[in-house]
Amino acid sequence: MRLNETPTVWDLIIIGGGITGAGILREAIRMGLKAILFEQKDFAWGTSSRSSKMVHGGLRYIREGRLLLTKKSVEEREHLLRQAPGLVNPLGFVLPVYADQKFGKRSLKIGLSLYDALAGKRQHAYHGPDKIMEMLPHIKQEGLAGGFHFFDAQVDDARLVLRLIDESVACGAIALNYTSVTDITRNAQGTATGVVVQDTETKETKTFQSSAIINATGSWAEKLHPSPKPHLHLRPLRGSHLVFSADALPLKQGFSFMHPADNRGISIFPWEGAVVMGTTDLDHEGDLSIEPRITKPEALYLINGARFFFPSLNLTLKHCISTFAGIRPVLSEGKRPPSKESREHVVWRDRGLVTVTGGKLTTFRRLAWDALKCARRYLPPESNINRKAPIFAAGPLEPEIDHGLSAETWRRLYGRYGAAADTMIAAAEKQDLSSIPGTHTLWAELPYLARHENIRHLGDLLLRRVRIGLLVPQGGKALLHRIRNICNNSLAWDDSRWDLEIQTYLDQWRHFHAVPQVDPETMIQSTHEFQSLEKAS
Ligand SMILES: Cc1cc2nc3c(=O)[nH]c(=O)nc-3n(C[C@H](O)[C@H](O)[C@H](O)COP(=O)(O)OP(=O)(O)OC[C@H]3O[C@@H](n4cnc5c(N)ncnc54)[C@H](O)[C@@H]3O)c2cc1C
């Protein structure tokens with residue numbers, strides 16, 4: 001839908017198409033509000049497609065004494081596991097115990113017991129070294145005393161955003177990507193009355209009206225609404241990840257450890273057919289309008305950690321398929337070490353404009369409720385938040401027609417697409433019902449998503465609607481011919497547009513997702529060394 005075809009007056013305008021904006025849109029529609037969402041790039045283009053994909057309480061927050069944040073997060077984890085199976089899935093983790101490590105068996109046991117108590121279910125166990133080596137055959141054996149096994153959950157973050165948006169749109173919302181809010185309009189008393197929006201590609205502009213505007217722009221939030229507290233500002237912190245092929249780093253469950261250089265918690269875990277490792281946590285000095293990317297020191301720091309704990313695999317950066325980096329919207333009162341900054345969210349109100357920022361992907365519903373509660377006085381009086389409603393519309397339990405797909409594949413499809421999964425598979429060519437090698441994605445997902453999910457560019461399809469740009473070597477370069485063939489009827493692109501899209505996508509991939517090549521034998525020995533390398537890079 002173009003801007004000039006879109007109605008002008010709304011009960012609620014939401015700025016930002018990440019998890020926070022998408023969660024608010026879903027709750028707003030449930031409240032019976034007429035709501036519209038604007039996203040300056042693609043849906044989930046910001047941090048919400050670049051997280052570590054964990055739906056979790058965060059064990060480290062227990063160590064920091066943030067029990068309330070952990071409790072709320074594990075409650076949300078349990079809720080999402082129940083309500084979005086196939087999209088949010090349980091994931092087992094091993095926490096090793098080495099003879100000389102800083103947090104030994106006793107402290108880990110206390111932390112995990114508290115973690116379970118907050119979730120209301122016991123799901124950790126201690127095992128001796130033999131069992132841990134059976135679970136992780138390539139783990140460093142020297143000094144291994146045993147380890148804990150516990151459960152958290154993982155998600156395809158971009159698909160979570162898109163499912164919330166798709167369901168909201170199916171219930172009457174409008175969500176427009178590639179539309180940037182350039183200004184908030186105000187009346188003579190300073191009360192917000194609407195927003196000025198520009199289509200970032202056609203440059204068409206239009207003013208929309210509403211007495212309630214929610215700014216859910218994450219790390220960009222202060223551009224539209226400067227912090228009302230002089231001592232509290234957004235501090236953009238970058239976190240980067242490496243993606244390995246499962247052949248090079250075979251893992252059946254997650255593995256969490258303290259990085260030998262600085263004792264920071266790092267995780268390596270299977271995801272969508274590949275293995276992801278992350279994350280770093282550093283001040284991001286770059287321009288926020290440019291996509292973040294991993295630096296050489298970050299890549300070196302991560303590969304050093306993987307080599308230390310899996311010495312027999314001889315891992316190098318050549319075993320990585322891709323990289324991705326995201327910016328945490330973290331509220332900071334000063335210069336604490338990045339990993340010690342709070343992950344709590346804030347809500348600010350200024351005469352019709354409500355800003356919500358910070359927080360975690362896991363707690364998106366809480367952010368949505370808090371923002372809508374704060375916006376209540378600007379909304380129609382009869383609208384009420386419904387905290388008991390299920391997150392997603394009830395989906396089918398079984399496929400309408402048996403297409404020969406496994407129960408696991410259907411679970412994955414229902415988790416991602418809800419009831420639309422049946423339509424997607426019914427429309428598919430038989431030969432497209434197989435998965436793309438190295439991933440869990442079916443070929444059939446591509447033409448359906450290309451047709452139905454507001455694709456403007458090839459990167460929207462390959463990096464966020466599906467994730468094969470991160471999961472297949474070279475961003476899936478070798479697959480582009482087939483992708484072009486099967487999506488040709490879904491996208492109204494002529495040959496020259498296809499050529500341009502492919503070229504732009506590959507350039508973008510090389511720039512932001514390629515693996516920097518550095519000698520992994522160069523060991524980083526300390527945080528100080530890591531930071532000096534980072535400054536010099
Ligand atoms: C490395 C890393 C790992 C993480 N891992 C986890 C994890 O495992 N689990 C977890 O729960 N959380 C995790 N988080 C935190 C979580 O990812 C973020 O808190 C969350 O994604 C923030 O979502 P958001 O919608 O607020 O921001 P974003 O996703 O950044 O969305 C904001 C959107 O607003 C848009 N925008 C900005 N300005 C405008 C404008 N003027 N007009 C229109 N649109 C605009 C942007 O383009 C962007 O898409 C992680 C974060 C990072 C960085």
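Me: Buried means under 20% relative accessible area, exposed over 50%, and partly exposed in between, using a 1.4 Å probe and protein chains only. Is lysine 203 buried or exposed?

Reply: Lysine 203 is exposed, with a relative accessible area of 51%. This is a predicted model, where local features need pLDDT of at least 70 and side-chain atom pairs count only at pLDDT 80 or more, while totals for chains, interfaces and linings use all residues. Residues are numbered from 1 along each chain as its sequence is written, and side-chain values use heavy atoms, leaving out hydrogens and water.

Me: What is the phi of lysine 203?

Reply: Its phi is positive, about 70 degrees, although lysine 203 is not a glycine. Lysine 203 sits in the loop between β9 (192-199) and β10 (205-209). Strands here are DSSP runs of E with at least two residues, helices are runs of H or I with at least four, and both are numbered from the N terminus.

Me: And asparagine 314, where is that found?

Reply: In the loop between α8 and β17. Asparagine 314 also has a positive phi, about 50 degrees, without being a glycine. It is exposed, at 54% relative accessible area.

Me: OK, α8 then. How many of its residues are buried?

Reply: 12 of the 14, so α8 is mostly covered. Among them are Pro297, Tyr301, Arg307 and Phe309.

Me: What should α8 span?

Reply: The expected span of a helix is 1.5 Å times one less than its number of residues. For the 14 residues of α8 (residues 296-309) that gives 20 Å, and the end C-alpha atoms are 20 Å apart, which agrees.

Me: How far does α1 reach?

Reply: α1 has 12 residues and reaches 17 Å from its first C-alpha to its last, close to the 16 Å expected. 11 of the 12 are buried, including Thr20, Arg26 and Glu27. After α1 comes glycine 32, with a positive phi near 85 degrees.

Me: New topic. Which residues come nearest to the ligand?

Reply: Thr20, Glu39, Ser48, Met54 and Thr362, out of 36 residues around the ligand. A residue counts as near if one of its heavy atoms lies within 4 Å.

Me: How is that shell made up by class?

Reply: It has 10 nonpolar, 21 polar and 5 charged residues. Nonpolar covers Ala, Val, Leu, Ile, Met, Phe, Trp, Tyr, Cys and Pro; charged covers Asp, Glu, Lys and Arg; the others, Gly among them, are polar.

Me: Which elements supply at least two residues of the shell?

Reply: α1 (19-30), β8 (179-186), β12 (233-245) and β17 (320-332) each do.

Me: Why does the ligand lie between the domains?

Reply: Because domain 1 (3-47 + 158-232 + 342-378) and domain 2 (53-153 + 234-331) both give residues to the shell. The domain bounds come from an automatic or database assignment.

Me: What is 3.0 Å from a nitrogen atom of the ligand?

Reply: A polar backbone atom of valine 181. Taken alone the ligand exposes 1000 Å², and the protein buries 96% of that; these areas come from the Shrake-Rupley method with a 1.4 Å probe.

Me: Last one. Which residues does a cis peptide bond join?

Reply: Glycine 278 and threonine 279, with omega about 10 degrees. Threonine 279 is in the loop between β15 (274-278) and β16 (282-283).

Note on methods: Polar contact = N/O pair within 3.5 Å; in protein donor to acceptor, adjacent residues only side chain to side chain.
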